[in-house]
Amino acid sequence: MPAGAGYADAQLHALACIVCTKDDGELLPAGHGQTEARPGEPLTWAVAACPEHQDGAS
Ligand SMILES: [Zn+2]
């Protein structure tokens, strides 16, 4: 079962940039993302971003 529509597994585990999916460089904490595990059931999780996208992720 996919944990979040539109995100790769690595992104959901903060192992890839939440914006560009890059996973082979430096990753920085980028706050939290939110998706719906099921309709009407929001799920919040910690996300990571590469230096290029850290400011743009929200
Ligand atoms: Zn990125």
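1. The protein exposes about 3900 Å², and carbon and sulfur atoms supply 52% of that area. Accessible areas come from the Shrake-Rupley method with a 1.4 Å probe, and for residues only the protein chains shown count as cover. Of the 58 residues, 28% count as buried. Here buried means under 20% relative accessible area, exposed means over 50%, and partly exposed lies in between (1.4 Å probe, protein chains only).

2. The model is predicted: local features need pLDDT of at least 70, side-chain atom pairs count only at pLDDT 80 or more, and totals for chains, interfaces and linings use all residues. Residues are numbered from 1 along each chain as its sequence is written, and side-chain values use heavy atoms, with hydrogens and water left out.

3. The secondary structure consists of 1 helix and 2 strands, which follow the pattern α-β-β along the sequence. Helices (H or I, at least four residues) and strands (E, at least two) are DSSP runs, numbered from the N terminus. Residues 24 or more positions apart account for 40% of the contacts with a separation of 6 or more; a contact means heavy atoms within 4.5 Å.

4. How do E1 and E2 pair? The two strands run in the antiparallel sense, over 8 bridges; strands count as paired if DSSP finds at least two bridges between them. Thr35 stands opposite Leu43 in E2, and the bridge partner of Gln34 in E2 is Thr44. In a regular strand the side chains alternate between the two faces of the sheet. E1 and E2 form a hairpin with 2 residues between them, and Gly40 in the turn has a positive phi of about 80 degrees.

5. Which residues coordinate the zinc ion? The donors are Cys17 (SG), Cys20 (SG), Cys50 (SG) and His53 (ND1), at 2.0 to 2.3 Å. Donors are N, O and S atoms within 2.8 Å of the metal (3.2 Å for Na, K and Ca); water is not among the atoms, so sites may look incomplete. The arrangement is tetrahedral because the 4 donor atoms subtend angles of 101 to 118 degrees around the zinc ion. For four donors, that label requires all angles to lie between 85 and 135 degrees.

6. The donor residues of the zinc ion are spaced C-x2-C-x29-C-x2-H in sequence. Cys17 lies in the loop between helix H1 (9–12) and strand E1 (28–38), and Cys50 in the segment after strand E2 (41–49), so the pair ties together parts that are 33 residues apart in sequence. Cys17 is buried, at a relative accessible area of 0%, and Cys50 is buried as well, at 2%.

7. His53 also lies in the segment after E2. Is this residue, His53, buried or exposed? With a relative accessibility of 19%, His53 counts as buried. Leaving aside neighbours within four places in sequence, His53 is in contact with Cys17, Val19 and Cys20.

8. The largest nonpolar core has 8 residues: Leu12, Cys17, Ile18, Ala30, Trp45, Val47, Ala49 and Cys50. Strand E2 gives the most to this core, with 3 residues. A nonpolar core is a set of buried Ala, Val, Leu, Ile, Met, Phe, Trp, Tyr and Cys residues joined through side-chain atoms within 4.5 Å. Not counting residues up to four places away in sequence, Trp45 touches several residues, including Tyr7, Leu12, Ile18 and Thr35.

9. Leu15 lies in the loop between H1 and E1 and is exposed, with a relative accessible area of 53%. Not counting residues up to four places away in sequence, Leu15 touches Ala10, Asp23 and Leu27. The C-alpha atoms of Leu15 and Ala48 are separated by 6.9 Å, although these residues are 33 residues apart along the chain.

10. Ala14, in the loop between H1 and E1, has a phi near 60 degrees, a positive value in a residue other than glycine. Ala14 counts as partly exposed, at 28% relative accessibility. Thr21 is found in the loop between H1 and E1 and has a positive phi of about 70 degrees, although Thr21 is not a glycine. Thr21 is partly exposed, with a relative accessible area of 44%.

Definitions and conventions:
Four donors count as tetrahedral if all angles lie between 85 and 135 degrees; four count as square planar and six as octahedral if opposite donors are over 155 degrees apart and all others between 65 and 115; anything else is irregular.
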